[in-house]
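Here is a walk through one protein model, by question and answer. Each answer sets a value against its definition.

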Amino acid sequence: MTEVAKQVSFEQEQLRLVSGYNDIFVGIACIITFVSLTTLLEAKYLDQIIVIGSAFGLAWYFVRRQRMRLTGIVIATAVAISGLVLGIEFFIRGFVIKPPLPGIESLPTDIDESVFQLPIVLPFVIALLSSAVFSFGFWRFASVPFAHALGIAAILLTILVAVVGTQVELTDMNIPGSEINETLILEPRSLLEILRTFPFLITTFICGCFAEAYAIWWDVRDPKRRSVATDTAFWTHVVAAPFLIQPLFWWAQLLAWNPTTEIVFGFLLFFLLLLFALVINRRALLIGAMVWVLAMLFTIADMAVAGLTMGVMLLFIAAVWNKTRQLIEPILPEFVQRSFPTLLSDS
């Protein structure tokens, strides 16, 4: 391989998803196994506990010893989902609080009916935190970057759910079929209205900024992008993108006074994100921005025309990515060139 070929290969984002065909084979087998376990075992908590236990056991051999990447992603997803379900069951069965849950007319006979005055989002918070704990535990056990990203996503969603809990309105109401005369139930404004409130948007943006900074920290740890740290950084960028971009584009929509200016603001924001992506040599942010620009194009153009416009633009960006980086690299600060891969770097 020539020096130029080495540099080009070094500069590109390497996404290691599959180790080989056996990796795909084992990944499919793991999916079948986990689904079958949850279907056969219906005892409370036991099904999810067995799934999580078997996931760690399978990861010990197929991920830690055989280094199967796709299998690691499948198992990490199973652990995160099982942790989420386990957290919900833990809440509902009364280990944390005693229901009844708001709006439920009939309750299982093994659940004590007692009034509680706690936020309606509490079961979701507990479930997300449970998923985060198991995901981070699996990441530490098997060093699967995707599990780390799932844990980060669960933490960020926990914060947003807590913010939503402060935006809802609660009122007293009778529950038919229950011995309890009144409890607290949720009467929310429309979900879209809550998601557009300033507290929610600013919290989402701050979460996205912290997640993006954390992803960049992983990038700086591996400027050559040759170790597992670069995969951890990539998946963290993927998680950070929607949290960072959604508020920006909604604020752009609020500033626009007609569909045309909305498109202009959208493309301007996309261009700024493109410059940032070029500097750090990460395309993950552009995927989230692409979705919003495409949605804006749908408001003034036919779906096919909007899709064609977006597709051609992305293909053009892909074609000129390296040449554009060659133009901007000489003017980048020295610490940026040391922290991120460049075509000027020694491979």
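Q: Which residues of H3 are buried?
A: First, the ground rules. This is a predicted model, in which local features need pLDDT of at least 70 and side-chain atom pairs count only at pLDDT 80 or more, while totals for chains, interfaces and linings use all residues. Residues are numbered from 1 along each chain as its sequence is written, and side-chain values use heavy atoms, with hydrogens and water left out. Now the list: Asp47, Gln48, Val51, Ile52, Ala55 and Ala59 are the buried residues of H3. Buried means under 20% relative accessible area, exposed means over 50%, and partly exposed is in between (1.4 Å probe, protein chains only).

Q: What is the span of H3, and what span is expected?
A: H3 covers residues 46-62, which is 17 residues. The expected span is 1.5 Å times one less than the number of residues. For H3 that is 24 Å, and the helix reaches 24 Å from its first C-alpha to its last.

Q: What counts as a helix or a strand, and how many does the protein chain have?
A: Both are DSSP runs, numbered from the N terminus: helices are H or I with at least four residues, and strands are E with at least two. The protein chain has 13 helices and two strands. Of its 347 residues, 44% are buried.

Q: Why are the buried residues of H2 said to line one face?
A: In H2 (residues 21-40), the buried residues are Asp23, Val26, Gly27, Cys30 and Phe34. Seen down the axis, they fall within an arc of 105°, so they line one face of the helix. The face turned away from that buried side carries the exposed residues Tyr21, Phe25, Ile32, Thr39 and Leu40.

Q: Buried or partly exposed: what are Cys207 and Cys209 called?
A: Cys207 has a relative accessible area of 6%, so it is buried. Cys209 has 31%, so it counts as partly exposed.

Q: Which residues does Thr232 contact, leaving aside its neighbours within four places in sequence?
A: Thr232 is in contact (heavy atoms within 4.5 Å) with Pro145, His148 and Trp218.

Q: Where do H9 and H11 cross, and which residues make the contact?
A: The axes of H9 (residues 228-255) and H11 (residues 284-298) come within 8 Å and cross at roughly 35°. Axes are lines fitted to C-alpha atoms, for helices over the stretch in contact, and angles run from 0 to 180 degrees between N-to-C directions. Among the contact residues are Ala241, Ile245 and Trp250 of H9 and Gly288, Trp292 and Met296 of H11.

Q: What makes the phi of Ser143 and Asn281 worth a look?
A: Most residues other than glycine have a negative phi. Ser143 is not a glycine, yet its phi is positive, about 55°. Asn281 is not a glycine either, and its phi is positive, about 60°.

Q: Where are Ser143 and Asn281, and are they buried or partly exposed?
A: Ser143 is in the loop between H5 (122-142) and H6 (145-167). At 44% relative accessibility, Ser143 counts as partly exposed. Asn281 lies in the loop between H10 (259-280) and H11. Its relative accessible area is 0%, so Asn281 is buried.

Technical notes
Arc of directions from axis to C-beta.
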